[in-house]
Structures are given as C-alpha cells and as structure tokens.
Amino acid sequence: MPDGAADPPMQRLFYHFLSLTARFIGDWFFVLLSRCVAAGYFILFPGRVRIGMDFYRAVFPHRGRFYHRYCTWRQFQNFTSLFLDRFLLQTGREIAYTFAGREHLLAALQNGRGGIILMSHMGNWEIAAHLLRRSIPDLPLMLLMGQRARDEIERLQKKDLAASGIRIIAVDQTAGSPFSLVEALSFLRSGGFVSLAGDTTWQADERTVTVDFLGHTARLPETAHTLALVSGAPCFFLRR
C-alpha cells in the first residue's frame, strides 16, 4: 500500500482477511479484490500516477499520453501479483520461476568467499529471498534494506523471512547507523551473502554515482560496490 494510505493495523487486518477468505473461496477472490484495491489507489493517488506516467514517457517518448497512462494502470494492477505470490507460498503452492547462474552462487559458497546479491525493485524481493533459500538451503543470507515506519505489510514480510533463517538488517531512513554496514561486512568475510538494492537511495547523505538513464540523470547508491571492494566478495546481479 502507498505510504500513509492506511493505518498499520488496518493494513494487517485487511491482508489477513483477504488471505483467510481466499483459502475458502479460491484464488480468484484474492486476485479480484486486490485488483479492485489497486484500481482504487490508481484513482485516489494522482501524484503516484504522475510519477508512473513520467517514467513511461521517458521509456516511450513517441507514444501519447493515453498510452503512458495505460502503462501506469497496468503497473498498478501487476503490483497485486506480489501479494498473490506470497499467498501461494504461504499455502504451499508452487510458484513458477527460472534460476539462471545458480552454479556461480554454489561455487562462491563452496569456496567460502561469500558474495553480494544486487537486487532491483522490479519483482518481489520477499519471494525471491524465500525461493533462493529453498533452492540453496545452506546459503547464509542477509538482507540489508530500508525500513518504513508505517508499513505493516512490509513488517510481516520481514518477520516471515527472519523465521526462515534469513538475517534482516533494517535501516531507518532518518537514523541510519554505520554499524549496519560493519555487520554486513563481517557477515561477508565469514562467507555469507548480503543482498541489497542497487537501484535506489535510502538516505539523503548516502554516497551515490550519477548515471544517464533514459535521457535523464539518476543517482545510484555506491554501497554494494563499496562492500565488494572492501571485502573482496564478488557481486551477483539478481533479476526477479
């Protein structure tokens, strides 16, 4: 849910209601209701719609405004698949996916080198972590990620990941601590794998590198590459 869209208890109760009801009625109910909610956000949050349209205007500069709005609508609707995947995982159903490059992670694990798994915000980070853990059970994995104070769904996701044996380091947006990086570095040097996002900054004073992206200037964080440089661990790029 968008930040501030609903109180945390309401987010939690709605998600539990949706999951429980879908267990009795079927997956179609989960999909239908979540898509209706996504449509509501599309209508009620024009600021977020404008951000999406600006992005698709850069991706498809020769297409019209209606097409950019349609792409943004599809993005809002496709976002519901993240919650459906989580529901399927919780109910023991299989999720179709491919895993290319698994042998490189296994080699780094066997050599005790550890590694940095660089993620993007495309796809579902929670499901990717669960499936990675399922595919390589012995992989010591730590997620270094930001923490939104009012996002109850995100808090539930992190709780489930921690219960599966994945270490979580949540960095507050306004009060980040350098000790989180020290802990991540120590984990790498012990042969562990640290996963973090490489396409967005979390704190205002975060070190970045400026790149050209679709004709616009973008700032990408240096954290993952700094950790790789200091630890000597390889970087693996995860496309979900």
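Because the model is predicted, local features need pLDDT of at least 70 and side-chain atom pairs count only at pLDDT 80 or more, while totals for chains, interfaces and linings use all residues. Residues are numbered from 1 along each chain as its sequence is written, and side-chain values use heavy atoms, with hydrogens and water left out.

The protein chain has 10 helices and 7 strands, where helices (H or I, at least four residues) and strands (E, at least two) are DSSP runs numbered from the N terminus. Of the 240 residues in the protein chain, 38% are buried; the word buried stands for under 20% relative accessible area, exposed for over 50%, and partly exposed for what lies in between (1.4 Å probe, protein chains only). A contact is defined as heavy atoms within 4.5 Å, and among the contacts in the protein chain with a separation of 6 or more, 70% come from residues 24 or more positions apart.

In soluble globular proteins, nonpolar side chains tend to be buried together. A nonpolar core is a set of buried Ala, Val, Leu, Ile, Met, Phe, Trp, Tyr and Cys residues joined through side-chain atoms within 4.5 Å. The largest one here has 17 residues, and those with the most contacts inside it are Ile 116, Leu 144 and Val 194. At least two residues of this core come from each of strand E1 (115-119), strand E2 (141-147), strand E3 (167-172), helix H9 (179-189), strand E4 and helix H10 (223-231), and H9 gives the most, with 4 residues. If residues up to four places away in sequence are not counted, Val 194 touches Gly 115, Ile 116, Ile 117, Met 142, Leu 144, Ala 184, Phe 187 and Leu 188. A second, separate core has 16 residues, including Trp 125, Leu 132, Ile 136 and Leu 139.

Helix H9 also holds Ser 180, which is buried with a relative accessible area of 11%. Leaving out residues up to four places away in sequence, Ser 180 touches Leu 144, Ile 169 and Val 171.

Rolling a probe the size of a water molecule over the atoms shows where empty space is left. On a 1 Å grid over the protein atoms alone, a cavity is a set of points where a 1.4 Å probe fits but cannot get out, and its lining residues have an atom within 4 Å of a point. Grid points are joined across faces, edges and corners, and a volume is the space filled by probe spheres set on the points. A search of the whole structure finds 1 cavity of 30 Å³ or more, and about 40 Å³ of space lies in the largest cavity. Its lining consists of Ile 117, Met 119, Trp 125, Ala 128, Ala 129, Leu 132, Leu 141, Leu 143, Ser 195 and Leu 238. E1, helix H7 (125-135) and E2 each supply at least two residues of this lining, and H7 gives the most, with 4 residues.

Ser 135 is found in helix H7 as well, and at 18% relative accessibility Ser 135 counts as buried. Apart from its neighbours within four places in sequence, Ser 135 is in contact with Tyr 97, Phe 99 and Arg 102.

The next topic is the aromatic rings. Rings of Phe, Tyr and Trp (its six-membered ring) pair if their centres lie within 6.5 Å, and planes under 30 degrees apart count as stacked, over 60 as edge-to-face and the rest as tilted. By this rule the count comes to 8 aromatic pairs. One of them joins Phe 42 and Phe 76 edge-to-face, at 5.4 Å centre to centre and with 90 degrees between the planes. Phe 42 lies in helix H2 (residues 27-44) and Phe 76 in helix H4 (residues 65-78), so the pair ties together parts that are 34 residues apart in sequence. Phe 42 is buried, with a relative accessible area of 9%, and Phe 76 is buried too, at 15%. Another pair, Phe 193 and Phe 236, is tilted, with 6.4 Å centre to centre and 40 degrees between the planes.

How values were computed
On a 1 Å grid over the protein atoms alone, a cavity is a set of points where a 1.4 Å probe fits but cannot get out, and a pocket is an open set with protein on both sides within 12 Å along at least five of seven lines; lining residues have an atom within 4 Å of a point.
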